[in-house]
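Here's a quick briefing to read with the model open beside you. Take the topics one at a time and find each residue as it comes up.

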Amino acid sequence: MLKQGFEFEYWVQWQVPVCALIFIMPAVIALKYVNKGKRGEALRSFDLWNCCWRHLNPLWLLFYRAFAFVCMAWMLCQMVAIDGPFAFYFYTQWTFALVMIYFAMATVISAYGCWTSTKKTTSDREEELEDDINLRNPDAQKEIHQKVGSWGYVMQAMYHTCAGASILTDLVFWCLLVPLEAGEQFELTLLMSCLHTMNIVFLIGDTALNSLPFTWFGFVYFVFWSCLYITFQWVVHLCGFMTWWPYPFLELNTPWAPLWYLGMALFHVPCFWIYTMLIKAKNSLLPRLFPRVYARLN
């Protein structure tokens, strides 16, 4: 008998094109928004490495990001040592690796920002402050965008993607998979618990320190990330490399499959909304609680 991935009957069921449409359409819409080139709030170069707290040296943010990267790299290496490349069959490891890469990039950019800031003259700092004031000026925004460069926007896109994907991963794991399948399909270990917890813990810690803007436009990158993972799973099964799905709600051989896919697609919105509310809480509560030390709103 042929593997499930090669079974013609499996891929011509009516659920397959419906489920494909459910995750392809959001990807197309997201691509349309990205092509427009609108990134929402302007991103300044010092937003990438500067703290949102007055008198707090940006080196603290640098050290925090380096520490988070080292810890996450160690945990991911431990998981790969246990499961091998098979570990990346799961959305959890995809997201965990993405958060780790974000911290790696953020560490490098923070180090570069701290190094360049020590070489700035007083006139340079006054010019930077003037850019901060004239953000609404189109010419000023264009100049600032050129200073940030593509790597700055890649880091911001990863920040948004990590935020939504980490919330999604942890909520699905702790609220759906653990209550329904723990003990039957998998054994809950300390390492597995850390993989589904420390990603969002480290990310929230970074949010508490950084000055990065967070807007709803970043939702499109979150959509791309999940669609990329689903595409990967479909290709793996279509080629016959795997005969089972890592998550039961991805299974296509059931009349409920479109509802599962639709439900997971819609669930992306509250996941991203949760992190947006955390950012709003940061920008509204912290200035009131610490008016003398909180630097500014994003």
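Let's start with a word you'll need throughout: a residue is buried when its relative accessible area is under 20%, exposed when that value is over 50%, and partly exposed in between, using a 1.4 Å probe and protein chains only. What you're looking at is a predicted model, so local features need pLDDT of at least 70, side-chain atom pairs count only at pLDDT 80 or more, and totals for chains, interfaces and linings use all residues. Residues are numbered from 1 along each chain as its sequence is written, and side-chain values use heavy atoms, with hydrogens and water left out.

**The overall picture**

- The protein chain has 10 helices and 0 strands, where helices (H or I, at least four residues) and strands (E, at least two) are DSSP runs numbered from the N terminus.
- Following the sequence, you get the pattern α-α-α-α-α-α-α-α-α-α.
- The chain has 298 residues, and 49% of them count as buried.
- Contact means heavy atoms within 4.5 Å. Take the contacts in the chain with a separation of 6 or more: 81% of them join residues 24 or more positions apart.

**The surface**

- The accessible surface of the protein chain is about 15900 Å², and carbon and sulfur atoms hold 70% of that. Such areas come from the Shrake-Rupley method with a 1.4 Å probe, and for residues only the protein chains shown count as cover.
- Ile204, Trp216, Val269, Trp273, Ile274 and Leu278 make a nonpolar surface patch of about 510 Å². Patches are built from residues with over 30% relative accessible area and no salt bridge; nonpolar side chains (Val, Leu, Ile, Met, Phe, Trp, Tyr) are joined within 5 Å, and like charges within 9 Å.
- Which helix gives the most to the nonpolar patch? That's helix 10 (residues 257-289), with 4 residues.
- Trp273 sits in helix 10, and it counts as partly exposed because its relative accessibility is 44%.

**A buried glutamine**

- Gln233 belongs to helix 9 (residues 219-238).
- Its relative accessible area is 0%, so Gln233 is buried.
- Setting aside neighbours within four places in sequence, Gln233 is in contact with Tyr89, Trp245, Pro246 and Leu250.

**Salt bridges**

- A salt bridge is a side-chain nitrogen of Lys or Arg within 4 Å of a carboxyl oxygen of Asp or Glu. By that rule, the count is 2.
- One of them pairs Asp47 with Arg44, with the closest N and O atoms 3.0 Å apart. Both Asp47 and Arg44 are buried.
- Arg65 forms a salt bridge with Asp206, and here the closest N and O atoms are 2.8 Å apart. Arg65 is in helix 3 (residues 58-83) and Asp206 in helix 8 (residues 198-209), so the pair ties together parts that are 141 residues apart in sequence.
- Arg65 counts as buried because its relative accessibility is 0%, and Asp206 counts as buried at 0% too.

**Cysteines**

- A disulfide is a covalent bond between the sulfur atoms of two cysteines. The cut-off used is a pair of cysteine sulfur atoms within 2.5 Å.
- How many disulfides does a search of the whole structure find? It finds 0.
- Cys114 counts as buried, at 9% relative accessibility.
- For Cys175, the closest cysteine sulfur is in Cys271, and 9.7 Å is too far for a bond. Cys175 counts as exposed, at 56% relative accessibility.
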